[in-house]
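Open the structure in your viewer and keep the selection tool at hand. Each stop below says what to select and what is there.

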Amino acid sequence: MELVYKDLILRSISEEDTDDILKWRNSEHVRKYFIYQEEIKKEDHLNWLKNKVDAGSVIQFMILKKEDRCPVGSVYLKDIDYANQKAEYGIFIGEENMTNHGIGSMAARCMIEYAFHHLNLHKLYLRVYEDNYRAISSYIKAGFKKVALLEDDVLVHGKFRNIILMGVVNKKECMNENIICNTLL
């Protein structure tokens, strides 16, 4: 499947994307913002694809620049809870030279639209380090709001860190930005 939004294409992740995902996810500029900061191995990622993505508890896309279809990162919904109509949102821009170009905000808007209007979810939430100001700003631009501060929530490298919980609720009228969804055969 592909989602087209402004200057981006979000394409369903596949096993062929493994090298890019490993390179990005294990880079210091990405890993330092993940709650789970250990390096991942190829078998870890392949297990994620098989046991999470293929099983339907995660929907993950590669973020491509529309102009040249060059992959620059990944975005996903995990812990999808259809009974309570919610999921956790996550993103990373893997190509460091592509940060600060609005890609994160555009990808988030696209995923919000997709989650609300195609998956019929009511709420998306995310967790972000309190000091990750660029990400917080990007999430706010996309429509997320701060809902809680989780003090000393995670232990990273021997230090407790605060997490901000953010969320966006489907107000029905707030979006509908005409994401184009194409199913690939």
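Predicted model: local features only at pLDDT ≥ 70, side-chain atom pairs only at ≥ 80, totals over all residues.

With a relative accessibility of 32%, Cys70 counts as partly exposed. Cys110 counts as buried, because its relative accessibility is 1%. A disulfide would need the sulfur atoms within 2.5 Å. By this rule the count of disulfides is zero.Next, select helix 4, residues 103-117. Helix 4 has 15 residues, and the distance from its first C-alpha to its last is 21 Å, close to the 21 Å expected at 1.5 Å a residue. Is this helix buried or exposed for most of its length? Of its 15 residues, 14 are buried, so helix 4 is largely enclosed by the rest of the structure.

Follow the chain out of helix 4 to Asn120, which lies in the loop between helix 4 and strand 6. Asn120 is exposed, with a relative accessible area of 53%. Check its backbone angles as well: phi of Asn120 is near 60 degrees, a positive value in a residue other than glycine.

Lys6 is the next stop. Select Lys6 in the loop between strand 1 (2-5) and strand 2. Lys6 has a positive phi of about 50 degrees, although it is not a glycine. The relative accessible area of Lys6 is 53%, so Lys6 is exposed.

Now move along to Leu8, which is in strand 2 (residues 8-12). Leu8 counts as buried, because its relative accessibility is 2%. Which residues does Leu8 touch, leaving aside its neighbours within four places in sequence? Show Leu3, Ile63, Leu64, Lys66, Ile103, Met106 and Ala107: Leu8 is in contact with each of these. Then draw a line from the C-alpha of Leu8 to that of Glu67; the two residues are 59 apart in sequence and 8.2 Å apart in space.

Select Ser138, whose place is in helix 5. At 14% relative accessibility, Ser138 counts as buried. Apart from neighbours within four places in sequence, Ser138 is in contact with Gly104 and Ser105.

The last stops are pockets. Rolling a probe the size of a water molecule over the atoms shows where empty space is left. To find the largest pocket, select Tyr33, Phe34, Ile91, Phe92 and Tyr139, which lie nearest its centre among the 40 residues of the lining. The volume of the largest pocket is about 1,200 Å³. Colour the elements that each supply at least two residues of its lining, among them helix 1 (18-25), helix 3 (42-53), strand 5 (86-93) and helix 5 (133-142). How many residues of this lining are nonpolar, polar and charged? There are 20 nonpolar, 13 polar and seven charged residues in the lining of the largest pocket.

The second largest pocket holds about 220 Å³ of space. Select Lys145, Val147, Gly167, Val168 and Val169, the closest to its centre of the 13 residues that line it. Strand 6, strand 7 (145-156) and strand 8 (159-169) each supply at least two residues of this lining. Which strand gives the most? Strand 8 does, with five residues. The lining of the second largest pocket divides into seven nonpolar, two polar and four charged residues.

Terms used
Residues numbered from 1 in each chain as written. Heavy atoms only, no water. 1 Å grid on protein atoms, 1.4 Å probe; cavity = no way out; pocket = protein on both sides within 12 Å on 5 of 7 lines; lining within 4 Å. Points joined across faces, edges and corners; volume = space filled by probe spheres on them. Helix = DSSP H or I, 4+ residues; strand = E, 2+ residues; numbered from the N terminus. Nonpolar A, V, L, I, M, F, W, Y, C, P; charged D, E, K, R; others polar. Buried < 20%, exposed > 50% of the residue type's maximum accessible area, 1.4 Å probe, protein only. Expected span 1.5 Å × (residues − 1). Contact = heavy atoms within 4.5 Å.
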